[in-house]
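Subject: The structure I promised you

Hi,

Here is the structure for you to look through. Open it up first, and then read my notes below alongside it.

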Amino acid sequence: MTQLFVANVFADTELKTADVFVTATRTPISKNNVIADVTTISSEDIERAGSSTLPELLQRQPGIEVSNLGGAGKVSTLSLRGTSSTHSIVLIDGMRVGSATSGFSAIEHIPLSQIEKIEILRGPASSLYGQDAIGGVIQIFTKKGVDGFKPYIGIGYGSYNTSNFQSGIRGGNNQTTYAINFGATNTDGFSAFVPNSSKGEANTANLDRDGYKNYSLSSSLNHKINQSYEIDLQYFLSKGKSKFDNQFANFSPYVPFVDYKNETKQESYAVNLKGQINNAWQSSIKIGQSIDKYLDKQKWNPNIGAYDPISTDDGGCGGFCGAQDSTLQDLYKTTQNQFAWQNNISLPQGSLTLIYDFLEQKIKTTDLYEKTQRTNHGLMIGYGVIEDKHNFQTNFRKDFNSAYDDAITGNIGYAYSINSHWTIASSYGTAFVSPSFNYLYSLADKYALGNPNLKPEKSKNIEGSIRYRDDAGSMSLTIFQNKIDDFIIYSNPTYTEYSRITTQNLNKVEIQGLTISGDQFFGHFQAKGSITAQSAKNEDTDKYLPRRATAIGNLNLNYYIGYWNIGIEETFSDKRFDDKENTVKLGGYALTNIVADYKINDKLKLNLRLNNLLDKDYSLAAEGSSGFRYQTPGRSIFTNLRYDF
């Protein structure tokens, strides 16, 4: 029966309920049968988030920490279970998105207005997806077609002169479905840096509003060629313009003040052909491309600024000291060409998955890089079986990369159903992360020269869990330990230490933790939340990794009555250190939000959201030891109205 369920869901590309999970096995299965530690963010959760950003929504999920550099549209990085920002893969409808130069994805530019559902997979996933999956995978599913003809429109307005607009059409029949969705967001924002009287002119130059604009589009077309084959086309686009702050805004009195700005573009498109070869064999071929473009509207110019005749050997500039030049622009563009051939084969006992992946990463930039291209070929075999109370899953993968030695990863997991409510599970997996182009090949910045001899980071993760589920809710307790070898670390050079080894494989890191999460209905009342206690340390120095708290969590209390859904959201974090030396402390915080949804009629819905009710002053990141803290939103209110025709 399980095999029939998997086969039937695979033949239907539309994910209709939160009970279907894809990311943990690369095949749609019942979420109850997933061995890994996973979370689903449903369309209802996304609508309830209102004017929240994707980083803010992810921050309220179990085991996830987010660092943000000053509000909407500013650089935001995430940490899954204490791992680094470069240790997780972000997928949009199965396509990798992100920058090969920085090594992570610009989640701040992915608007919630385009998202139908989000799946979060925690733990090593390189045996499924290849490089960069030590921490896990976050897969975003955009809004797809549905039966009928269902246009919609939504508008919103709130604090910081924030406005948003979304509209689209979703429709189709039993043979063809389609969707096109458009969204726009505009906010005046606030000063990305917290005012700091000790920083003089640089502080004064940054005391402005750092606004953000975003326009987004997604579309899809699915057509069933016949009873056995179907083709799916998908497209996603997000374009943003942002202002931001920099501690060197007025570094040189010899050049005009620079008002820092950037432009971004995230784009992906793909075609997927899948079919039932015979009763036991399903196959799919997916071809696509993703683009990540970042354009700084100013660039460091070494030929301007103050003039210092003292040589660099004596601590001087030896000429012009350089400054930012708003007449120049700095481009970083990543293109990822992707191909996947997947085969699912039903066996008399269990099922077999065979996958070939191809990934080509190319960069185009105004800076200097030693290499601008690399390729990866991956072969994966997986086997899973559910028999009576036993659930077994294992994967094995080998990656062949043009930039480093071949990599072999694997995963094995087992779950046992004690009864209809209780399940225990355990798994062991290995993973690796390929160093970014900045770490390997950068030549432009003498303070951060690339090291072409870096080795991939490698991890070994073991975890165990116990889970409970009934008709009114669920609960889980997960214990994990992740050991990372060849951890990449950057050391600030002095004026006389510029070299290709400022970035090195120096460290071993051990991350241990415990996550408790659950949700439960008590009549009209629902309680939902999680808490993660973790220790993420550099074993060489016994220091905590930057921006990792020892405890994070969230609690949601919702009350459903009539056409109203009223709730309180609490998100909290212990203190963290912003630097690897553990000298710059970011204080702990607790945020309280109030949210209310009102169903005016069957087609019209109202969402009210009051964020940071107690006007908590906190920061998620700082500029090292410079004394500049990045600012976060204060007390703010938003209203959203949505109409489904």
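Two strands pair if DSSP finds at least two bridges between them. Helices (H or I, at least four residues) and strands (E, at least two) are DSSP runs, numbered from the N terminus.

A word on where this comes from: the model is predicted, so to speak of local features a pLDDT of at least 70 is needed, side-chain atom pairs count only at pLDDT 80 or more, and totals for chains, interfaces and linings use all residues. Residues are numbered from 1 along each chain as its sequence is written, and side-chain values use heavy atoms, with hydrogens and water left out.

**Strands**

Start with β38 (residues 636–644). Strand β37 (residues 604–611) pairs with β38 in the antiparallel sense over eight bridges. Leucine 604 has tyrosine 643 of β38 as its bridge partner. β10 also pairs with β38, antiparallel again, over seven bridges, and there tyrosine 152 stands opposite aspartate 644. As background, strands of a sheet pair through backbone hydrogen bonds, either parallel or antiparallel.

Elsewhere you'll find an open sheet of five strands, in the order β3-β8-β9-β6-β7, with mixed pairing. Which strands stand at the edges? They are β3 (37–41) and β7 (95–96); each has a single partner strand, so one side of each is left without a neighbour in the sheet. β7 runs antiparallel to β6 (residues 88–92), joined to it by two bridges, and leucine 91 stands opposite arginine 96 in β7.

**Nonpolar cores**

A nonpolar core is a set of buried Ala, Val, Leu, Ile, Met, Phe, Trp, Tyr and Cys residues joined through side-chain atoms within 4.5 Å. Buried means under 20% relative accessible area, exposed means over 50%, and partly exposed is in between (1.4 Å probe, protein chains only). The largest core has 22 residues, and the ones touching the most other members are Leu54, Leu58, Ile110, Ile115, Ile118, Ile120 and Ile140. At least two residues of this core come from each of α3 (54–59), β4 (64–68), β5 (76–80), β6, β8 (115–122) and β9 (136–142).

Take isoleucine 118 as an example. Leaving aside its neighbours within four places in sequence, isoleucine 118 is in contact (heavy atoms within 4.5 Å) with residues including Thr39, Ile41, Leu54, Ile138 and Ile140.

**Rings**

Rings of Phe, Tyr and Trp (its six-membered ring) pair if their centres lie within 6.5 Å; planes under 30 degrees apart count as stacked, over 60 as edge-to-face and the rest as tilted. By this rule there are 15 aromatic pairs. One of them is tyrosine 160 with phenylalanine 190, a tilted pair at 5.2 Å centre to centre and 55 degrees between the planes. Tyrosine 160 lies in the loop between β10 and β11, and phenylalanine 190 in strand β12 (residues 176–190), so the pair ties together parts that are 30 residues apart in sequence.

Arginine 81 puts its charged end over the ring of phenylalanine 480, 4.4 Å from the centre. Lysine 117 lies over the face of phenylalanine 141, at 5.8 Å from the ring centre.

**A few single residues**

Asparagine 376 is in strand β23 (residues 373–387) and is buried, with a relative accessible area of 5%. Its side chain makes a polar contact of 2.8 Å with that of aspartate 399. A polar contact is a pair of N or O atoms within 3.5 Å; within protein, one must be able to donate a hydrogen and the other to accept it, and residues adjacent in sequence count only if both atoms are side-chain atoms.

Most residues other than glycine have a negative phi. Asparagine 161, though, has a positive phi near 55 degrees; asparagine 161 sits in the loop between β10 (148–158) and β11 (162–172). Arginine 547 has a positive phi of about 60 degrees, and is found in the loop between β31 (543–544) and β32 (551–561).

Cheers

Technical notes: Lys NZ or Arg CZ within 6 Å of the ring centre and 35° of its normal.
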